[in-house]
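The exercises below concern one structure, and each is followed by a worked solution. Please have the sequence and the coordinates open while working through them.

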Amino acid sequence: MDDVLDRAQALRAQGVPFVLATVVRVARPASARAGMKAILTADGTLDGWVGGSCAHGAVVREGLRALRAGQPRLLRLLPTAVPAEDEGVVEQPMPCHSGGALEIYLEPVLPAPRLVVVGDAPLADALAHLGALAGFAVVRAGAAEAGPEGPRAALAAPQMAGAYVVVATMGQYDEDALAHVLQAAPAYVGLVASRTRAAAVRAELARRGVDDVRLRAVKAPAGLDIGARTPEEIAVSIVAELVQVRRAAATPAAAPEMVAPAVGTPATPGVRAEAEGPHAPAPHARPEAARAPDVASGALAAGALDAGAHVPAGGEAVDPVCGMTVARAAALVAEYGGHQYYFCCAHCRQAFLREPARYAAVTT
């Protein structure tokens, strides 16, 4: 028994899902004894002793069902049973002619789902904290974790596949982050941004060649619409959505690889959307981080050195690319046709510089 428990501990430490089968009741002449255990892995291998050939087939079959559902069940092998199932109890006829009865508790042991939080803003901190409380194994993927190689290095980690990923860079490197995340097969991808900003991000990713199927899998704004305003409230709404997606995926009828299509609509350049999402990023970003260099692409640092760009004091302006209202004092700037234009992030500014006449014409 100690060997079984040692192996269970090792599998758990490795993050390998398995089922711990424990005999809880025996009626002789069954050979097993109460307390005997075995481990069933996802490939159908049964390691241990819970009744030999009389129980093997039923234990593997019902154990794999328990593993897929993520729910324990009690398997009862009875001499006169008719196959039946109700409220976590499965009854099967004992296949051995010698008779006897066995009751085996099948307990799936699953690794904690991974939550990858991309970003360094206070909302990302709150999300990491609440995600851990909700049972997620939280992985931070921000500039602080990436070191000198930048966030891109952290996003390339293999743990992205099958994970729940929330991009909350507050416009700093949303496009770069999503371009990396969508190359894997995450269980969920959420973007903390307004609908207008999300549409601009999708447009940029489409321009980079990301296909429409992957773009529609990005949930934006991330989280349930509960009227959240503060970073902590938004984090609550996102964690609630993650729990909803996770539990829905655990049911046999719904196990999508990716979540529902995004709810954002394409932006009209230069025109502010009527309905901003509940998670507009600007109010929640750290002031010092909001204008920090774009460590993923270096684009913001280059833009900051543009001889034509300077930031006047006070007032607000509308980003001509994504339509977001920005504070002029904290915005990026570009000049065109004798006018100054203000941007929420480096990517909007880059989009403007590629086609200034297009965006300037809409805003004038």
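**Exercise 1.** Classify aspartate 212 as buried, partly exposed or exposed, and describe its salt bridge with arginine 216.

Solution. 
Step 1. Aspartate 212 has a relative accessible area of 49% and is partly exposed; buried means under 20%, exposed over 50%, and partly exposed in between, with a 1.4 Å probe and protein chains only.
Step 2. The closest N and O atoms of arginine 216 and aspartate 212 are 2.9 Å apart. A salt bridge requires a side-chain nitrogen of Lys or Arg within 4 Å of a carboxyl oxygen of Asp or Glu.
Step 3. Because the two are 4 residues apart in helix H8 (residues 212–216), about one helical turn separates arginine 216 from aspartate 212. Helices (H or I, at least four residues) and strands (E, at least two) are DSSP runs, numbered from the N terminus.
Step 4. Arginine 216 is also partly exposed, at 38%.

Two conventions apply throughout: residues are numbered from 1 along each chain as its sequence is written, and side-chain values use heavy atoms, with hydrogens and water left out. The model is predicted, so local features need pLDDT of at least 70 and side-chain atom pairs count only at pLDDT 80 or more, while totals for chains, interfaces and linings use all residues.

**Exercise 2.** Find other salt bridges and the exposure of their partners.

Solution. 
Step 1. The count is 20 salt bridges.
Step 2. One of them joins arginine 208 to glutamate 204 at 3.0 Å, N to O. Glutamate 204 is buried at 9%, whereas arginine 208 is partly exposed at 35%.
Step 3. Aspartate 211 and arginine 214 meet at 3.6 Å, N to O. Aspartate 211 is partly exposed at 37%, and arginine 214 is partly exposed at 32%.
Step 4. Salt bridges also link Arg61, Glu62, Arg65, Arg73 and Glu85 in a network.

**Exercise 3.** In what order do the 7 strands of the open sheet lie?

Solution. 
Step 1. The order is E3-E2-E1-E7-E4-E6-E5, with mixed pairing; two strands pair if DSSP finds at least two bridges between them.
Step 2. Strands E3 (46–48) and E5 (84–86) are the edges, each pairing on one side only.
Step 3. E2 (residues 37–41) pairs with E3 in the antiparallel sense over 3 bridges. Leucine 40 stands opposite leucine 46 in E3.

**Exercise 4.** Describe two of the aromatic pairs.

Solution. 
Step 1. There are 4 aromatic pairs. Rings of Phe, Tyr and Trp (its six-membered ring) pair if their centres lie within 6.5 Å; planes under 30 degrees apart count as stacked, over 60 as edge-to-face and the rest as tilted.
Step 2. Phenylalanine 136 and tyrosine 164 are edge-to-face, at 5.5 Å centre to centre and 75° between the planes. Both phenylalanine 136 and tyrosine 164 are buried.
Step 3. Tyrosine 341 and phenylalanine 352 are tilted, at 4.8 Å centre to centre and 40° between the planes. Tyrosine 341 lies in strand E16 (residues 339–343) and phenylalanine 352 in helix H12 (residues 346–354), so this pair ties together parts 11 residues apart in sequence.
Step 4. Tyr336, Tyr341, Phe352 and Tyr359 form one aromatic cluster.
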